[in-house]
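Hi,

Here is the structure I said I would pass on.

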Amino acid sequence: MKEIQANTIIMPLAQEIKHALMHVDETACALLKNANNRETSPLCRWALEQILENDRIAAESNAYACQDCGQAVLFVSVGQDLHVAGDLKAALNEAVKIGYTDARKSVADPLTRINTKTNTPAILHFDIVPGDKLTVQYLAKGAGSENMGRVYMLTPSKGRQGIIDAVLDCVTRAGSSPCPPIFLGVGIGGTMEKCAVLSKKALLREVGTPRENPEIAALEAEILQKVNETGIGAQGFGGSVTALSCAIETAPTHIGMLPVAITVQCHSDRRCTLEF
């Protein structure tokens, strides 16, 4: 059985987190450029140009792409044939702490509001998978976009259209608050908490890449089209590009339920993936 020491993941992960906070995902930047080329509103084109300039300056000068460096969300896949010696949770949190050394600290007790001053504990999701690898996927989740997420506990009769309506309701209620253009992660099925996690997991897929399942891919495309028809536009200025992509993850659910969760991600898409 393969064995790794938990503490060996700390510095590589910390370095990747720090880099991600200063370099918006390349594919996301490409979608922003494409949106700028096809945007019909002069004001929204101006907003998109400012976003692209911001991301360029951040990457070139090693500055943070957004003042809200977000709460660290980690999806950790552990191979069933791998033994991690030491405290894996502690190592992951130490990596986040070091990665955020110079970044804004945004994690606080929910009631006292006392800041932990380390941006930990991180939000950790673990999964046991085949093989002997450890994979860590990091996503920075800012409050402006995260506050706009919603869970809809629909009845099965609402069907496909109910899912579309739920996403449109979420986006229109959000308006300019999540700093559009946005990325949408949609979780469908499972239970209330399962669909919420799925909506986060959907955001880990390369943005703009459709699901292989043609039915789900078609739903992603229709939702994206409908969202862009809302006319919210970049920064809420009114335009033809409100969302850059829509990604859906699904899970089997109870015959009496149709849970739908939407996680909204702002244009400052900061992420990384490491494999050990």
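Below is what I found, starting with how to read it.

This is a predicted model, so to speak of local features we need pLDDT of at least 70, and side-chain atom pairs count only at pLDDT 80 or more, while totals for chains, interfaces and linings use all residues. Residues are numbered from 1 along each chain as its sequence is written, and side-chain values use heavy atoms, with hydrogens and water left out.

Let's begin with the sheet. It is an open one of four strands, in the order 4-2-5-10, with mixed pairing. Helices (H or I, at least four residues) and strands (E, at least two) are DSSP runs, numbered from the N terminus, and two strands pair if DSSP finds at least two bridges between them. At the edges sit strand 4 (123-129) and strand 10, each pairing on one side only. From one strand to the next, the twist averages 15°. Strand 5 and strand 10 run antiparallel to each other, with five bridges, and Val136 faces Leu274 in strand 10. Helix 7 (residues 192-202) packs on this sheet and touches strand 2, strand 4 and strand 5. Its direction makes about 95° with that of strand 2 (axes are lines fitted to C-alpha atoms, for helices over the stretch in contact, and angles run from 0 to 180 degrees between N-to-C directions).

Next, the cores. A nonpolar core here is a set of buried Ala, Val, Leu, Ile, Met, Phe, Trp, Tyr and Cys residues joined through side-chain atoms within 4.5 Å. Buried means under 20% relative accessible area, exposed over 50%, and partly exposed in between (1.4 Å probe, protein chains only). The largest core has 30 residues, and Tyr100, Leu134 and Tyr138 touch the most other members. Among the elements giving it two or more residues are helix 1 (10-22), strand 2 (71-79), helix 4 (88-99) and strand 5 (134-141). Helix 1 provides the largest share, six residues. A second, separate core of 26 residues includes Met148, Ala174, Cys246 and Leu258.

Leaving aside neighbours within four places in sequence, Leu92 is in contact (heavy atoms within 4.5 Å) with Ile9, Leu13, Leu74, Val76, Leu124, Phe126 and Val136.

With a relative accessible area of 52%, Lys33 is exposed. Lys33 and Leu52 are 19 residues apart in sequence, and their C-alpha atoms are 7.4 Å apart.

Then there is Glu220, in helix 8 (residues 214-228). Glu220 is buried, at 4% relative accessible area. Its side chain makes a polar contact of 2.9 Å with that of Arg205 (a pair of N or O atoms within 3.5 Å; within protein, one must be able to donate a hydrogen and the other to accept it, and residues adjacent in sequence count only if both atoms are side-chain atoms). Beyond four places in sequence, Glu220 also touches Pro210, Arg211 and Cys246, among others.

For Cys246, the nearest is that of Cys170, at 11 Å. Cys29 is buried at 16% relative accessible area, and Cys246 counts as buried at 9%.

Cheers

Methods. A disulfide is a pair of cysteine sulfur atoms within 2.5 Å.
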